[in-house]
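Take a look at the model below.

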Amino acid sequence: MVAVLGGPGATAPESCLHFTQAGSSGHAFAALRAAFRPVILQMGAAADDGGMQRVIGWLTAAVITTLIFGSVYASLQQLGRRSADAAPAAAAAAQVQLIGSEPPGAPRLELGPDSGVFIIVYGEDDKPTSGTVTLHGSLPVLPAGVLRAARTSGSDAVTWQPEPGLRMAVVARPAAGKVVVAGQSLTPFEDRDRMVLLFLSAGWLGSLVVLATGYAAIVFFAHRPLQSPRRPVP
């Protein structure tokens, strides 16, 4: 106990010297402050360490919460995007079976967010030969790389943006030297994705508020002075 109270820089002889030279209460108080200064510093350091531990704990919980909500959003977003390929894939597979026997219907819809599932057939020269939609009055032209990838691998699913603000989920499949492309707008799926992001963001923010409130409560009670129990008056 004496070694702790003395600490480096405040030995017992030095403290005794302060006491012997003190001729007033002010000098005695100065001597006590010098003697207990290492203890006060150690207590402050311990308090700082405890506060730092609480901060690190809160930051760790916040990072874990962010990773959880971020992983949930990424998973739902990918599932939604993949589900957008289901209907075009089924339509393309059905149209592949009809190649050579029944051509697709004449163009009747303008390609847009509400055009539904559409089909376009491309010839051996990668030019559109028939389809169920048009873009500004003409059959839409898909990038040649998608058609080549479909002929090489047997199928290709991509996100196609024929013009700004118009995004399509398309599936391409080869058939008898041609390529059948089926697709649909991603607008409904992206709208749903934004709603999911909104709800998850609200949940993430609420979780951080709860963590911050808990941290503030811990800090408040940690610095609150303890009241000694009252002794009964005889």
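This is a predicted model: local features need pLDDT of at least 70, side-chain atom pairs count only at pLDDT 80 or more; totals for chains, interfaces and linings use all residues.

A salt bridge here is a side-chain nitrogen of Lys or Arg within 4 Å of a carboxyl oxygen of Asp or Glu.

Start with strand S2, residues 118–122. How many of its residues are buried? Five of its five are, and the strand is mostly covered. The cover is on both faces. Phe-118, Ile-120 and Tyr-122 are buried on one side. Ile-119 and Val-121 are buried on the other.

S2 has strand partners. Five bridges join S2 to strand S7, residues 178–185, and the two run antiparallel.

S2 and S3 form a hairpin with five residues between the strands. In this hairpin, Asp-126 takes a positive phi near 65 degrees.

Asp-126 also leads us back to the charged pairs. Side chains of opposite charge can pair when their charged atoms come close. The structure holds three salt bridges. In one of them, the side chains of Asp-126 and Arg-151 meet at 2.6 Å, N to O. This pair links distant parts of the chain: Asp-126 sits in the loop between S2 and S3, Arg-151 in helix H5 (residues 144–153), 25 residues apart. Is Asp-126 buried or exposed? Its relative accessibility is 18%, so Asp-126 counts as buried, the cut-off being under 20%. Arg-151 is partly exposed, at 32%.

Another salt bridge joins Arg-167 and Glu-190, with the closest N and O atoms 2.5 Å apart. Arg-167 lies in strand S6 (residues 166–175) and Glu-190 in helix H6 (residues 187–223), so the pair ties together parts that are 23 residues apart in sequence. Arg-167 is partly exposed at 33% relative accessibility. Glu-190 is partly exposed too, with 23%.

Asp-191 counts as partly exposed, at 34% relative accessibility. Arg-194 is partly exposed as well, with a relative accessible area of 49%.

Technical notes: Residues are numbered from 1 along each chain as its sequence is written. Side-chain values use heavy atoms; hydrogens and water are left out. Buried means under 20% relative accessible area, exposed over 50%, partly exposed in between (1.4 Å probe, protein chains only). Helices (H or I, at least four residues) and strands (E, at least two) are DSSP runs, numbered from the N terminus. Two strands pair if DSSP finds at least two bridges between them.
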